[in-house]
Amino acid sequence: MRFANDPDSFGLISKLLHWLTATAMVGLIWLGWYMVDLTYFDRWYNASLAFHKAFGVLVFLLGVTTLLWRLISASPAFVGTLKPWQRIAARAMHHALLLLVILIPFSGYIISTSAGKSVSFFGWFEIAPLFEVSGTLRDLAIEAHFYLAYTVGVLVVAHAAAALKHQFVDRDGTLARMLWR
Ligand code: HEM
Ligand code: HEM
C-alpha cells in the first residue's frame with residue numbers, strides 16, 4: 001500500500017484526506033442549511049448546532065493537515081492531456097477549495113465565540129475564545145460564513161462535474177487516481 005503521492009497518482013493519505021474532507025463539507029453545508037430553520041422548541045436545536053461546530057472544527061483540522069501534507073508529499077502533476085487553461089482552472093479551483101476549507105470554519109468560530117463561549121470538540125476538548133469579538137465583527141462573520149458556505153457548495157458542484165467529465169467523457173483517469181489507482 002502506497003501512503004505518499006507519486007508523480008502521477010495520489011497516495012492513500014491524500015485520498016483519505018480528500019474524501020473525508022469532501023464528505024464532511026457536503027454534510028456541513030446541508031446541516032447548516034437545515035439547522036438555521038429550527039426553532040428553540042425543536043429537539044435537534046442544540047444538538048444540531050453542537051454537531052455542526054464539532055464537525056466544522058474537524059474540517060478545519062483536515063484542511064490544515066492537507067496543507068501540511070502537500071508540503072511533505074507534493075501533489076501529482078495534472079494528467080498530461082489537460083490543456084493549459086484547464087491546468088490553470090484546476091489549480092485555481094483546488095486553491096480556492098482549500099482556502100474555503102480553512103476560512104469557513106474560522107468564520108464559524110468567530111460567530112460561536114463572539115459571546116465569550118468556547119467551542120466543544122465532541123465533548124473531548126474545548127477551544128477557548130482567543131480574542132474579543134465586536135458586534136460589527138460578529139455581523140461580518142455571519143455574512144461571510146453564509147456567503148462562503150454557499151459559494152463552496154457551487155464550487156464543489158463544478159469541481160465534481162469536471163472530475164466526472166474527465167473520467168467518463170475524456171477517459172483520462174482523473175477520478176481513478178483520486179480513488180482506486
Ligand atoms: C468539499 C468538497 C471537496 C473539496 C474541498 C475538494 C478539494 C480538492 C482539492 C484541494 C484537490 C487537490 C488535491 C491536491 O492536489 O492535493 C482535489 C482534487 C480532486 N478532487 Fe476534490 N474536493 C471536493 C469534492 C470532490 C468531489 C465530490 C469529487 C468527485 C466527484 C472530487 C474529485 C476530485 C478529483 C478527481 C481530484 C484530483 C484531480 C487531479 O487529478 O488533479 N472532489 N479536490
Ligand atoms: C467547512 C465547515 C463549515 C461549513 C461548510 C458550514 C456551513 C454552514 C451553513 C451552510 C450555515 C447556514 C447559513 C445560513 O443559511 O444562514 C451555517 C451556519 C452556522 N455555522 Fe457553519 N459551517 C462550517 C463550520 C462551522 C464551524 C467550525 C462553526 C463554529 C465553530 C460554525 C458555526 C455556525 C453557526 C453558529 C451558524 C449559524 C449562523 C447564524 O446564526 O446565521 N460553522 N454553517
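Y150 is found in helix 4, where helices are DSSP runs of H or I with at least four residues, strands are runs of E with at least two, and both are numbered from the N terminus. Because Y150 has 13 C-beta neighbours inside 10 Å, it counts as partly exposed. On that scale a residue is buried if 20 or more other C-beta atoms lie within 10 Å of its own, exposed if 12 or fewer, and partly exposed in between, with C-beta atoms placed from the backbone. The C-alpha atoms of Y150 and W30 are separated by 10.0 Å, though the two are 120 residues apart along the chain.

A word on the ground rules: this is a predicted model, in which local features need pLDDT of at least 70 and side-chain atom pairs count only at pLDDT 80 or more, while totals for chains, interfaces and linings use all residues. Residues are numbered from 1 along each chain as its sequence is written, and chains are lettered from A and ligands numbered from 1 in the order in which they are written.

Now the overall picture. The chain holds five helices and two strands, running α-α-α-β-β-α-α from the N terminus on. Its C-alpha trace spans about 55 × 30 × 30 Å along the principal axes. Of the 181 residues, 15% are buried.

What about the ligands? Here, a residue is near a molecule if its C-beta atom, placed from the backbone, lies within 6 Å of it. Ligand 1 is surrounded by 22 residues, with A22, M25, S75, A160 and M178 the closest. Two or more residues each come from helix 1 (12-35), helix 3 (84-113), helix 4 (135-168) and helix 5 (176-179). Ligand 2 also has 22 residues around it, and the closest are G32, G56, P105, G108 and A149. For that shell, the elements giving two or more residues are helix 1, helix 2 (45-72), helix 3 and helix 4.

On to the packing of helix 2 against helix 3. Their axes come within 9 Å and cross at roughly 145°, the axes being lines fitted to C-alpha atoms over the stretch in contact, with angles from 0 to 180 degrees between N-to-C directions. Helix 2 brings K53, G56, V57, V59, F60, G63, T66 and L67 to the contact, and helix 3 brings L98, V101, I102, P105, G108 and S112; contact means C-beta atoms, placed from the backbone, within 7 Å. Those residues divide into eight nonpolar, five polar and one charged.

Finally, the largest nonpolar core has eight residues: M25, L28, V59, L62, L100, V101, I104 and V152. Such a core is a set of buried Ala, Val, Leu, Ile, Met, Phe, Trp, Tyr and Cys residues joined through C-beta atoms within 7 Å. Helix 1, helix 2 and helix 3 each supply at least two of its residues, with the largest share, three, coming from helix 3. Leaving aside neighbours within four places in sequence, M25 is in contact with V59, V101, V152 and V156.

Methods: Two residues are in contact if their C-beta atoms, placed from the backbone, lie within 7 Å. Ala, Val, Leu, Ile, Met, Phe, Trp, Tyr, Cys and Pro count as nonpolar, Asp, Glu, Lys and Arg as charged, and the others, Gly among them, as polar.
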